[in-house]
Amino acid sequence: MARKKVKKSNINTSLRDIGGIASFIQGNGITKLSALIFGLGNLVHKQMIRGLLMFFLEIVYIYYMSTVGFNSIADFITLGTSVQAEVFNEAKQIYEYVPGDNSMLCLLYGVVTIFLTLGFVIFAMTSVKSAYVTQKKIEYGKAIPSFKDDLASLKEQNLHKSLLFLPISGILCFTIVPLVFMILIAFTNYDKNHQTPGNLFDWVGIKNFSAMFAQNGSLSGTFWPVLNWTIIWAVCATFSCYIFGMLLAIVINREGTRYKKFWRFIFIMSIAVPQFVSLLTMRTIFNTNGPVNAMLRNIGIIGPTEAIPFFTDSTLAKITIICINVWIGVPFSMLTTTGILQNIPKDLYEAAKVDGANAIVSFFKITLPYMLFITTPYLITSFVGNINNFNVIFLLSGGGPESLEYYYAGKTDLLVTWLYKLTITNKDYNLGAVIGIVVFMILAILSLLTYRHTGSYKDEEAFQ
C-alpha cells in the first residue's frame, strides 16, 4: 500500500510538472486539438464546466480580435494615419473638426492587445496540459476531478494560485504594461511638436538614443555632465549619511556617554518633521536674502550688498545640497546602525583589548566589517534612492543655476529632475523615456555587480 501511495504521488507530481509543449507532443489527437478548441479534452472526458470556461475564454478572445484587436495591431504598427482636420460644413456654413487618430492610444491599445495575445498563447498551453493530464489519469485508472474538486484544490494544493492571482494581475496591469508602454515611447518622436490628435507621432527606431549619446550634440552635451553629477551626488549622499550616522551612533552608544535617550530623541526630532518642510526651510535660510546672508552682513563678514551664492553658484550649490542632505539623512542612518551596533558581540571587543587593540583598530577590524556585512543591501538601496532623489534637488535648488549650455537642465539637475523638466515642462516624452531606460540600466547593472561582489552575497554565514 505504501508503494502504491508513493507511486500515485510521483504520478501526480510528474503530471503537474509537465509543460504545455511536452503535453502537446506526448498527447493524443484530442489533446492536440485542445490547442485549437480550448477545453475540448475536458469536454470529451465530461469535465463540462472546466471545458466550457476554457472554450468561453477562447470565444471572448476571438471576438475581441475580430472587433478591436486586429485594428489595434494595425494601428500599433502605423501609430495612426488620419490626422484631425478642419473641414467647412456647407450646410451649417461653419468649420468643423473631423476627429483623427490618436497615436498615444494606438500605441497603448496595441501594447494591451499584444499582452492579451501572449496570455491567449499561455492559456492555449494550459488547455493542452489540462487535456493531457486528464488523458493520463484515465490511462492510469485514476479518478477525474470534478469542478467541485477544482474549487477545493484552490484552498489546498493550488492555494498559491489563489493567493497570487490578484497581486500578479495588479503588477501586470499597473507595472509591466505601463513600463513596456514607456519603453516603446523611447523609440518614437513623441515630443512637443507631435502632440496628438492634431499631429501624429511615428516610430523612429534608435534615433533618440543616438541623439542622446552622439558627440557635440545639445542632448549629449547635457546628458554626460548631468550623469556625472548624478553619480557624484549619489556616492556623496549615500556614504556621507552612512558614515556620519554610524559615527554618531557609536558616540551615543559608547559606555561613557550620558543621557543616551535624550540625544537619540534630539536627532529623531528631525525625522518627525516632513522632509519637504525641512528642505523648503533650508532653502529660505540659505537664500540670497535669507537669515544666513543677513547675519553675515550684520557682523561685517560680507558687504551690505553682497551675498554668498549658496544656490546661484554651481559648485557652491552642489556642496550646499550635499551638506543639507547630510543633516536630513544622518538621523535615519543613526537609527539603522544603532540596532546593529547593539547586536555586535561584546566578546569580540574584549578579545581585541586583550590583544592590545585600541579603539581605532577595533573600529576598522570589528565594527566596520560587521556593519558593512549587514548593511550592504541598505547601502545599495540608499544609492538607488539617491540617484532618484527628486525631492532634495527640486525643493532646494530646483536644478539651478540654469545654464545656456544645457538642454532644459540646470547645473544641479539629476537625471530624474531633468526627466521631469523634459516631460512636464517641455513635453519631450520620447527623451524622457530614453533617460528612464538609461537610469534603469545603470541602477540594475551597478546594484547587481555591487551586491554579487560583497560578503553579504558570497559568505552569508560569516557572522552567524
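What we have is a predicted model, in which local features need pLDDT of at least 70 and side-chain atom pairs count only at pLDDT 80 or more, while totals for chains, interfaces and linings use all residues. Residues are numbered from 1 along each chain as its sequence is written, and side-chain values use heavy atoms, with hydrogens and water left out.

Taking two of those spans, residues 163-187 are 92% helix and 0% strand, with end C-alpha atoms 37 Å apart, whereas residues 362-380 are 100% helix and 0% strand, with their end C-alpha atoms 25 Å apart; helices here are DSSP runs of H or I of at least four residues, and strands are runs of E of at least two, numbered from the N terminus.

Now to the pockets, a pocket being an open set of points on a 1 Å grid over the protein atoms alone, where a 1.4 Å probe fits, with protein on both sides within 12 Å along at least five of seven lines, and lining residues having an atom within 4 Å of a point. The largest pocket has a volume of about 2100 Å³, volume being the space filled by probe spheres set on the points, which are joined across faces, edges and corners. Its lining has 48 residues, of which Met54, Phe123, Thr126, Leu154 and Lys161 are the closest to the centre. Helices H1 (2-17), H5 (48-78), H6 (103-139), H7 (147-153) and H8 (159-185) each give two or more residues to that lining, and H6 supplies the largest share, 14 residues.

The second largest pocket holds about 700 Å³, and among its 18 lining residues Ile250, Arg254, Glu255, Lys346 and Tyr349 are closest to the centre. Two or more residues come from each of helices H10 (218-253), H15 (346-354) and H16 (359-387), with H16 giving the most, six residues.

Finally, the cysteines: a search of the whole structure finds zero disulfides, a disulfide being a pair of cysteine sulfur atoms within 2.5 Å.
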